[in-house]
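Work through the two exercises below with the sequence and the structure open beside you, and try each task before reading its solution.

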Amino acid sequence: MRWVPDVLGDGYERSTFDLPGDERGPVVATLVRHVPRGPDAPPRRRAVLLVHGFNDYVFQTHVAEAFDDAGWDVYGLDLRAAGRSLRPWQLPHYVTDLRVYSEELTRVAAWIRRDHDVLAVHAHSTGGLTAALWAHSMRRKVVLDALVLNSPWFDLDAPWFDRTVGTAILDRVAPWDPERIVHASPSGYAHDLLRAHGGEWDFDPAWKSPAGVPVRAGWMRAVRRGHARLARGLDVRVPVLVAASTTSGPGGDRVLDVEQIADRAHLVGPDVTLERFEGGLHDLTLSPSPVRDAYLRHVLAWLEVRTNAPGATAR
């Protein structure tokens with residue numbers, strides 16, 4: 001990895017690496033790391049990898065600082081065609097198979113594990129679905145030691161007709177016109193998070209856009225196939241923490257149906273803990289202060305127990 005200063009400022013570096021190209025051209029992913037002790041400091045025993053969702057990228061410095069204070073080395077991955085990894089010839093976040101993300105996830109995980117005994121993955125929303133599918137595919141290898149899913153997208157929040165008949169139609173039509181826009185609307189959620197609009201957070205609106213990112217047929221088909229694979233049951237063989245708000249809508253998760261998350265959590269693997277957070281937003285780490293603080297304390301306490309258990313890395 002070749003590290004350069006990152007847009008997050010002092011204490012953060014990034015390294016962009018090539019992936020196999022696609023029909024549009026070259027593809028890259030970007031690993032970000034938090035180095036408050038300096039880039040030459042010896043690695044700690046434990047590391048966490050942060051994975052973002054749709055219309056998102058790695059920017060939550062308070063999360064990195066919380067993990068660092070608890071003794072973790074912190075990395076974040078901007079997936080292909082997202083955030084730092086988006087190139088002018090690409091459609092934001094567009095893939096036609098969630099399994100392609102295994103290329104960057106596996107490569108980064110292997111690189112981190114060279115210097116760390118323990119690796120936890122903390123993944124949000126669509127990234128949570130992607131990370132769960134990836135962890136299932138790697139279940140017979142020692143790759144990660146714990147998985148934290150922050151409001152993972154486990155099913156389509158839509159009426160029965162759209163989830164069944166609509167999905168069947170999409171499955172047949174999308175291969176013929178994969179880039180067709182099937183939904184486009186502003187993201188009120190992203191808009192309201194921005195400090196400039198009265199929220200608490202500063203982020204790049206080109207990478208987490210209040211205008212939203214168009215949903216294309218090929219991408220939605222990939223997500224629905226991921227949902228279907230989850231519905232058949234995964235076999236993630238490390239401890240999993242699934243976290244969600246207690247409510248959907250205003251004052252809660254405005255993006256997903258939190259009851260779908262709760263209902264499907266057990267499908268991820270044999271060792272799943274479900275926790276609900278009252279007043280939590282879609283990204284629990286961006287919730288109002290008392291909630292996000294409680295969430296981060298819970299995640300760190302859970303990881304402390306589950307990654308230090310006897311035989312935690314012997315699978």
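The model is predicted, so to speak of local features pLDDT of at least 70 is needed, and side-chain atom pairs count only at pLDDT 80 or more, while totals for chains, interfaces and linings use all residues. Residues are numbered from 1 along each chain as its sequence is written, and side-chain values use heavy atoms, with hydrogens and water left out.

**Exercise 1.** Find which strands each supply at least two residues of the lining of the largest cavity.

*Solution.* Begin with the term: on a 1 Å grid over the protein atoms alone, a cavity is a set of points where a 1.4 Å probe fits but cannot get out, and its lining residues have an atom within 4 Å of a point. The structure holds five cavities of 30 Å³ or more, and the largest has about 110 Å³ of space, a volume being the space filled by probe spheres set on the points. Next, locate its lining, which includes Leu 50, Val 51, His 122 and His 124.

**Exercise 2.** Describe how strand 2 pairs with strand 3.

*Solution.* Two strands pair if DSSP finds at least two bridges between them. Strand 2 (residues 12-22) and strand 3 (residues 25-34) are joined by nine bridges in the antiparallel sense. As one example, Leu 19 stands opposite Val 27 in strand 3. Finally, the two strands form a hairpin, with two residues between them.

Methods
1 Å grid on protein atoms, 1.4 Å probe; cavity = no way out; pocket = protein on both sides within 12 Å on 5 of 7 lines; lining within 4 Å. Helix = DSSP H or I, 4+ residues; strand = E, 2+ residues; numbered from the N terminus.
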